[in-house]
Amino acid sequence: MKREHQDAVDGGGSWHPEAAAMEDEKGKGTMGAEEDGGDDELLAALGYKVRSSEMADVAQKLEQLEKAMGSSTAANDDALVSHLASDTVHYNPSDIATWVDNILWELNASPTPLAPRPPSPPPPPPPAVPLQNHHHQRHFDLPLAGPEQSTITTVDLPTAPRRLADNYDPKPLPAPHAAAGRIVYGSDAQSVVAPSPRDRKRMKVCSSPPSSSSTTDAAKSDKALPVVVVDTQEAGIRLVHALMACAEAVQQESLKAADALVKQITVLNTSQGGAMRKVAGYFAEALTRRIYRPQPHRGVGCSSRDSAALDNILHQHFYESSPYLKFAHFTANQAILEAFAGCRRVHVVDFGMRQGLQWPALLQALALRPGGPPAFRLTGIGPPQPDHSGALQEVGWKLAQLAGTIRIDFRYRGLVAASLADLEPHMLLDPNTGDCSDGGEDEEPEAVAVNSVFELHGLLARPGALEKVLGTVRAVQPRIVTVVEQEANHNGGTFVERFTEALHYYSTMFDSLEGGALAADAACGGGRRDQALSEVYLGRQICNVVSCEGVERTERHEALAQWRARMGRAGFDPVAIGSNAFKQASMLLALFAGGDGYRVEEKEGCLTLGWHTRPLIATSAWRVAASAGGDPIAAAAAAAL
Amino acid sequence: MAGSNEVNANECRMVVPLNTWVLISNFKLAYNMLRRPDGTFDRHLAEFLDRKVPANAAPVNGVVSFDILIDRTNNLLARIYRPAPPNPSPATTPLADLHRPPSPDPFPVIIFFHGGSFAHSSPNTAIYDSLCRRFVSLCGAVVISVDYRRSPEYRYPCAYDDGWAALKWASTEPWLHGGKDAKLRVFLCGDSSGGNIAHHVAVRAAESGIEVSGNILLNPMFGGNHRTESEKRLDGKYFVTIQDRDWYWKAYLPEGADRDHPACNPFGPNGVNLEELPFTKSLVIVAGLDLVQDWQLAYADGLKTAGKDVKLVYREQATIGFYLLPNTDHFYEVMEEIKNFVTSNL
């Protein structure tokens, strides 16, 4: 690729715009510049999206920013620069143009260096405005005509807290723990800081459309296989090799060979220890199921649907033993909190209510926000539980009690649904006003947030289910949709490809649990039990990914690039999660015992949590796309006002 | 001040391609926000802004990468890059194949220390992931990019200790010993602070009897108390200022030390005499618009004076970071120099 030297004037520094096109650049799958919507290829390979046609414009903005920041030698610029770092919320650094715009906006909004804002909001005055006048009686709706097993129960909170229920047991909720190395989310008011009203206007919409670039991303991501090797012992390597060989045999339907390999794996596993042994055990078991039960079969232990109660218990222990769920809740809550800034009536729809672990922290943050809390309505959705039919309602009661103690006007509705696809928009309406977002008379419309933690991938097992659910979500016109999913592709390619991905994913997952358990055990005991049950929880996922097919295979995890494409097609635009959420998540992670290996990363407006360099779960936020032809940022700004 | 900034911006814009200017300016401004006047560093914002890429055991352009925990007790991670093993199924790479020698013939192992003035970046930072992949393609090498501890949280000598740990680890891995003589043919390579680390790890290697085939220093970070002519002449003109250099040294060197500390100024008043040591041969690449070039040139001179083999490549109109984007002669010609150096010292 050598070029001849230019003359001495530029000393050989000639540049080669065509080199970019000719250079087979890092094989990221990008072809000519046009296919990427005109993004500069070389910068794209380094993680930055800048349209070639806008390069000069971006350069000018950078110059502008530099002038505004001044030369860092001047003392009075130090405060300004420091303000930019600590007080500005940064979004989506890959998009240089928007990143710079955001900072310039921040600088224009505050021309003089600000005194640093206090780290936590001041305690709110008692609400001057009387609480919303809702019905005070409890009532239970009759089951709706509709999907067989769906019922609605509604619980209202009286404005004046009655006596606390005797059996109110805070344990299932993340009540403040003694700081025994446990991560403390709920009680730490500073952990979720309500943004100022000004921040509300900057609910950032990622300017890059999720269209063409994300389909190439999806294609690329199918091929990506991040591997973190923590155990390079010979035995571990041979074990993995045997597992892969067995998967190959299964794929080729050489069941005799596969069976022989499973036996070999079992033998090899005896000399193994730690996370690898457990992971190999689960994969071997899953392979065995697949070998001996080739027909689609509702394998016991392969689906979280088998027993909702057991699943909830396992989920609880997984919550305790590792920061994944806490990170999911925290980051989603942060996005919801920001979306709810300035709203007086809010409604959260939780697609997977379970024990409601996510909501105490959000309630507490709302209680402490400047201007006081909104009226809060929660719709919790859960699967049918024939053995314990009151569970969904019970959770609502407990949250109502909590809300009472912190003076939040709280209403709850539990919806039992066998599948999220059974939901219809009218079920999510406010029972009092009969209307979802368009409050009558003098009512401010309800601001809606839809929250899904690990609930969307299951819909991919039935064609059309996801699209239906996303259609329902759009119909309720949410301000924000928060989605947390496993950051892995366990739903594409061949069986062997899926198996390989899952093997690496769960090996990394299990390895992360090892460190946490040791430390938690040292701190307050119970760490080992949490870990063991978490492994069972994850083991069921492994079993499902490996041994099930068709509608039974519900653990159809997909990576961010694929979700981006799906959400884009369904009419949603990404909302960037900012550096404030990132910082707080990182700081809280540092408190988590055994947390050294956990890393938070920002990826195109989303946050991921991973073990060492391997992201394992991803939180993303979305809003309904602006109508065609409009400028999405202007529309968002208009909508925010 | 505003006036001279404009002149600087124009000059600077003329010597690099526009996308390079955008990339490096973006880093510069972001980094300005991360360094606090009191010497602390906004690590969380730094990690938020850093563009990272995961490892990928599926071949991309014939290169695969995977991350490895070299030392579990202190979380010392490294990213390993290697030529894709011959494999019938291109989509996946069995783990065992990752740990086989890439060739029966001698092959180079390049231990790479990324730049960032001791404070920024990681092996999974996109710019360094990209560079390491290129080294694999260029030289048929196995590249080990070390996630060394960074300042100001970890000062001297932590980065050197981690580099040394990586070298020792490599020396015990059978699959890295290539050729019929099963020998580790290791090169220490780094840019900016990484170049500085490569030097100091090479010294330790020479003191301990581990043979290093060669050092490759790309715009290595050295300094001293004295203000050199190039520092004064180029201060603030091409992305870098004396002030930021001072900040990074202050953040890395022990509290109370000055820039004549041997870590910063290895051939200065407190330097170590290399004459008696079997210190390896070096390729030193200097950019003519880098304000610390006088220190880099002094370093090359210091090696020569100590009787060590050194090849100096001076790129007159190159700025810092020219090796990040494959869009100039500097890039391609320097890559060629590196390739020649490696293959001829294998």
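Start with chain A. It has 20 helices and 11 strands. Both are DSSP runs, numbered from the N terminus: helices are H or I with at least four residues, strands are E with at least two. This is a predicted model, where local features need pLDDT of at least 70, side-chain atom pairs count only at pLDDT 80 or more, and totals for chains, interfaces and linings use all residues. Residues are numbered from 1 along each chain as its sequence is written, chains are lettered from A and ligands numbered from 1 in the order in which they are written, and side-chain values use heavy atoms, with hydrogens and water left out.

Now, burial. Chain A has 641 residues, and 57% of them count as buried. Buried means under 20% relative accessible area, exposed means over 50%, and partly exposed is in between, with a 1.4 Å probe and protein chains only. The chain exposes about 25,800 Å², with carbon and sulfur atoms supplying 55% of it. That area comes from the Shrake-Rupley method with a 1.4 Å probe; for residues, only the protein chains shown count as cover.

On to contacts, meaning heavy atoms within 4.5 Å. Take those in chain A between residues at least 6 apart in sequence: 76% join residues at least 24 apart.

Look at helix H13 of chain A, residues 359-368. Of its 10 residues, 8 are buried. Among them are A:Trp359, A:Leu362 and A:Leu366. What do the buried residues of H13(A) pack against? The partners in chain A are helices H12 (324-339) and H14 (391-405), plus strands S3 (345-350), S4 (375-382), S5 (410-416) and S6 (447-453).

Next, A:Ala280, in helix H10 (residues 274-292) of chain A. Its relative accessible area is 0%, so A:Ala280 is buried. Leaving out residues up to four places away in sequence, A:Ala280 touches A:Leu239, A:Leu243 and A:Asn269.

Now some backbone geometry. Most residues other than glycine have a negative phi, and most peptide bonds are trans. Here are two residues with positive phi. A:Glu253 has phi near 60° and is not a glycine. A:Glu253 sits in the loop between helix H8 (234-251) and helix H9 (255-270) of chain A. Buried or exposed, this A:Glu253? Exposed, because its relative accessibility is 65%. B:Ser117 has a phi of about 55°. B:Ser117 is in the loop between strand S3 (109-113) and helix H5 (126-139) of chain B. With a relative accessible area of 6%, B:Ser117 is buried.

And cis bonds. One joins B:Ser151 and B:Pro152, with omega about 0°. Another runs from B:Tyr156 to B:Pro157, with omega near 0°. B:Pro152 lies in the loop between strand S4 (142-146) and helix H6 (158-171) of chain B. B:Pro157 is in the loop between S4 and H6 of chain B too.

Last, cavities. A cavity is a set of points on a 1 Å grid over the protein atoms alone, where a 1.4 Å probe fits but cannot get out; lining residues have an atom within 4 Å of a point. Points are joined across faces, edges and corners, and volume is the space filled by probe spheres set on them. How many cavities of 30 Å³ or more does the search find in the whole structure? It finds 19. H2(B) gives the largest share, 5 residues.

Note on methods. 1 Å grid on protein atoms, 1.4 Å probe; cavity = no way out; pocket = protein on both sides within 12 Å on 5 of 7 lines; lining within 4 Å.
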